[in-house]
Amino acid sequence: MSHRVYLDHNASTPVHPEVVAEMLPYFDERFGNPSSVHGFGREAREGLDTARERIARFLGTRPEEIVFTSGGTESDNLGVKGLAWAKGSGHLIASRVEHHAVLRACQWLETQGFEVTYVAVDGHGAVDPDDVRRAIRPDTLAISIMHANSEVGTIQPVRAIGAIARERNIPFHVDAVQTFGKVAFDVSACGIDMLSFSGHKIYGPKGVAGFWVRKGTRLQSLQHGGDHERRRRAGTENVAGIVGFGKAVELRSRELKAEGERLTALRDRLWEGVRARVPDVRLNGHPTERLPGTANFSYRGVESESIVLGLDLKGIGVSAGSACTAGSVEPSYVLVAMGLPIDWAMGAVRSSLGRSTTAEDIDYVIESVEPIVRKLRAAMPVGA
């Protein structure tokens, strides 16, 4: 295939060559267990310490507050269940558009006697901080609101929500898997107490993620064993993965602003080009308060899977929603929560741009999507 374009960076990213180079020695030369006291173990421990320091520096926090996990899902579960178990009973607040790692953790907690309020979002997919304030009860033990939605890219008003949480002395957990390393923010200024973030969204390896927990926050470990990660996450650390994660964060810290501006320009170029050529198309998500590289469009009356497959034949990789719901024939729960009519929600396609995306790629996608949608609509039964 002459032209291949990957536009699914919200699902995963290619590992940066410098990340791979930094990881390699930890597969053979520095293979020791970081909990061992001998020289081999100390070499591995140095890799962990360097990564922890890099991430803490990026967040403006203390290294000892960083916990390494296996992925964003584990980090989200640690934030939600860890707080709930530490408290024992009570009430939690989340939004209706949270990642399944948060939503299903909350739903499971409901089977254990906890109560959860799921606050609504507006037509852009944004939470109203006043709705969070109104949902607070005397027994509210935690608030969990994502920083940005992976499907539509809408950035939530976490600073305003954090101020409410701080005012009421309620721990505030934020799923920042889609914003960490992409959007600048200050965890302290936003009133955040716990933050989930992941490696493979920012050109690091899969199978490694982070969880920041503010000192003094009561948290129950999800698994029990050794004293790893200051007894907050038992199990021998994925040293090579963590080293690569730390390097990926260091690289992102250098290019975050410039890359964000570049991707925003390309993202807007895609939208302007598509809507100029394709009738009955709409942008999903906030028009400006949105991830730099996320563009979610609905093509009215056309099934998104058909568009995704048509683009795939052209060498273009996009998503019909989040990767975690691929294969579902139901409309996205995020778009349903936003109030999209079914004939629009069923035609949603997400493009998420990244380091490799060029203006030529965007123009190729614009040229490719119009005939695909036109052909699909022409094949629709009369009156459909």
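Q: Which side chain of opposite charge is nearest to Lys182, and how many Å away is it?
A: In this predicted model, Lys182 lies in the loop between β6 and β7 and is buried, yet has no salt bridge. A salt bridge would need a side-chain nitrogen of Lys or Arg within 4 Å of a carboxyl oxygen of Asp or Glu. The nearest side chain of opposite charge to Lys182 is Asp8, at 9.7 Å.

Q: Which residues does Lys182 touch, not counting residues up to four places away in sequence?
A: Lys182 is a buried residue without a salt bridge, and Lys and Arg count as positive. With residues up to four places away in sequence left out, the residues that Lys182 touches are Asn10, Lys201, Arg252, Leu256 and Pro292.

Q: How many residues apart in sequence are the parts that the pair of Phe180 and Phe197 ties together?
A: The structure holds seven aromatic pairs, and one of them is formed by Phe180 and Phe197, which are stacked at 4.3 Å centre to centre with 25° between the planes. Because Phe180 lies in the loop between β6 (172-175) and β7 (194-198) while Phe197 lies in strand β7, the parts that this pair ties together are apart in sequence by 17 residues.

Q: Which residues form one aromatic cluster with Phe180 and Phe197?
A: Phe180 and Phe197 are both buried, and they form a stacked pair. The aromatic cluster that holds Phe180 and Phe197 also includes Phe58 and Phe245.

Q: Over the face of which residue does Arg355 lie?
A: Lys81 lies over the face of Trp108, at 5.0 Å from the ring centre. Arg355, at 5.6 Å from the ring centre, lies over the face of Tyr203.

Definitions and conventions: Residues numbered from 1 in each chain as written. Predicted model: local features only at pLDDT ≥ 70, side-chain atom pairs only at ≥ 80, totals over all residues. Heavy atoms only, no water. Phe/Tyr/Trp six-rings, centres within 6.5 Å; stacked < 30°, edge-to-face > 60°. Helix = DSSP H or I, 4+ residues; strand = E, 2+ residues; numbered from the N terminus. Buried < 20%, exposed > 50% of the residue type's maximum accessible area, 1.4 Å probe, protein only. Lys NZ or Arg CZ within 6 Å of the ring centre and 35° of its normal. Contact = heavy atoms within 4.5 Å.
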